[in-house]
Amino acid sequence: MSADLLQRGKNIKLAVFDVDGVLTDGRLYFLEDGSEFKTFNTLDGQGIKMLMAAGVQTAIISGRKTPVVERRAKNLGIPHLYQGREDKLVVLDELLGQLGLSYEQVAYLGDDLPDLPVIRRVGLGMAVANAAAFVREHAHGVTVARGGEGAAREFCELILRAQDRLEAANAAYL
């Protein structure tokens, strides 16, 4: 973990996640009746809960819209959910206006081109290990883990570590 990433993580007040390819492995599963399902990693979910318990707000911004994501956000207690929104920077602008935060106070985890404008604009913009190469090139950092396989947990722990809160977050379970 680089000193630059830790420095960028110190003042984060809002962590924002893409869904497909970040909180999931990026595969889309469609059933014969037209419904779909996604798989989520429980380690990622626990990381998000730890982040929220430490006082960092969370949000999801996804270009696709599905009830499964709404259910996952509700289960985790993520208060800010935006689905079916392709221009993620416009959504982030709306959210920052509501919360009274600046770009420098935002961390974002994405994987593909629609995420890139946000990744480049925020204080800590990261890509998952299996993100598109162009996105990885322009991110502040890249996770070791792949999307849907612990990348969000790694991202959350980076923020907690940068804010000297990771030990306390883990100790709560001892």
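## Overall build

Of the 174 residues of the protein, 48% count as buried, where buried means under 20% relative accessible area, exposed over 50% and partly exposed in between, with a 1.4 Å probe and protein chains only. This is a predicted model, in which local features need pLDDT of at least 70 and side-chain atom pairs count only at pLDDT 80 or more, while totals for chains, interfaces and linings use all residues. Residues are numbered from 1 along each chain as its sequence is written, and side-chain values use heavy atoms, with hydrogens and water left out.

The protein has eight helices and eight strands; these are DSSP runs numbered from the N terminus, helices being H or I of at least four residues and strands E of at least two. Its radius of gyration is 15 Å, close to the 16 Å from the globule rule for 174 residues, so the protein is as compact as a globular protein of that length. The radius is taken over C-alpha atoms, and the rule is 2.2 Å times the number of residues to the power 0.38. Along the principal axes, the C-alpha atoms fill a box of roughly 50 × 35 × 30 Å.

## Contacts, surface and charge

Contact means heavy atoms within 4.5 Å. Among contacts between residues at least 6 apart in sequence, 56% join residues at least 24 apart. The accessible surface comes to about 8500 Å², and 49% of it belongs to carbon and sulfur atoms; the areas come from the Shrake-Rupley method with a 1.4 Å probe.

The protein has 20 positive and 23 negative charges, and their mean positions are 4 Å apart. Lys and Arg count as positive and Asp and Glu as negative, without His and the chain ends.

## Helix H2

Helix H2 (residues 42-53) has twelve residues and reaches 16 Å from its first C-alpha to its last, close to the 16 Å expected at 1.5 Å a residue. The expected span is 1.5 Å times one less than the number of residues. Buried residues in H2 are Asp-44, Gly-45, Gly-47, Ile-48, Met-50 and Leu-51. Their cover includes strands E1 (14-17) and E4 (57-61) and helices H3 (67-76), H7 (151-162) and H8 (166-171).

The twelve residues of H7 should span 16 Å at 1.5 Å a residue, and its end C-alpha atoms are 17 Å apart, which agrees. H7 is mostly covered, with nine of its twelve residues buried. Among them are Ala-151, Arg-153, Phe-155, Cys-156 and Leu-160. The cover of the buried residues includes helix H1 (3-9), E1, H2, strand E6 (106-110), E7 and H8.

Asp-164 lies in the loop between H7 and H8. Its phi is near 55°, a positive value in a residue other than glycine. Most residues other than glycine have a negative phi. Asp-164 is exposed, with a relative accessible area of 73%.

## Two buried positions

Val-128 sits in the loop between strand E7 (124-127) and helix H6 (133-138). At 0% relative accessibility, Val-128 counts as buried. Its contacts beyond four places in sequence include Gly-21, Val-22, Leu-109, Asp-111, Arg-146, Gly-147 and Ala-151.

Leu-116 belongs to helix H5 (residues 116-121) and is buried at 8% relative accessibility. Leaving out residues up to four places away in sequence, Leu-116 touches Phe-134, Val-135 and His-138.

Conventions. The place of a charge is taken as NZ of Lys, CZ of Arg, CG of Asp or CD of Glu.
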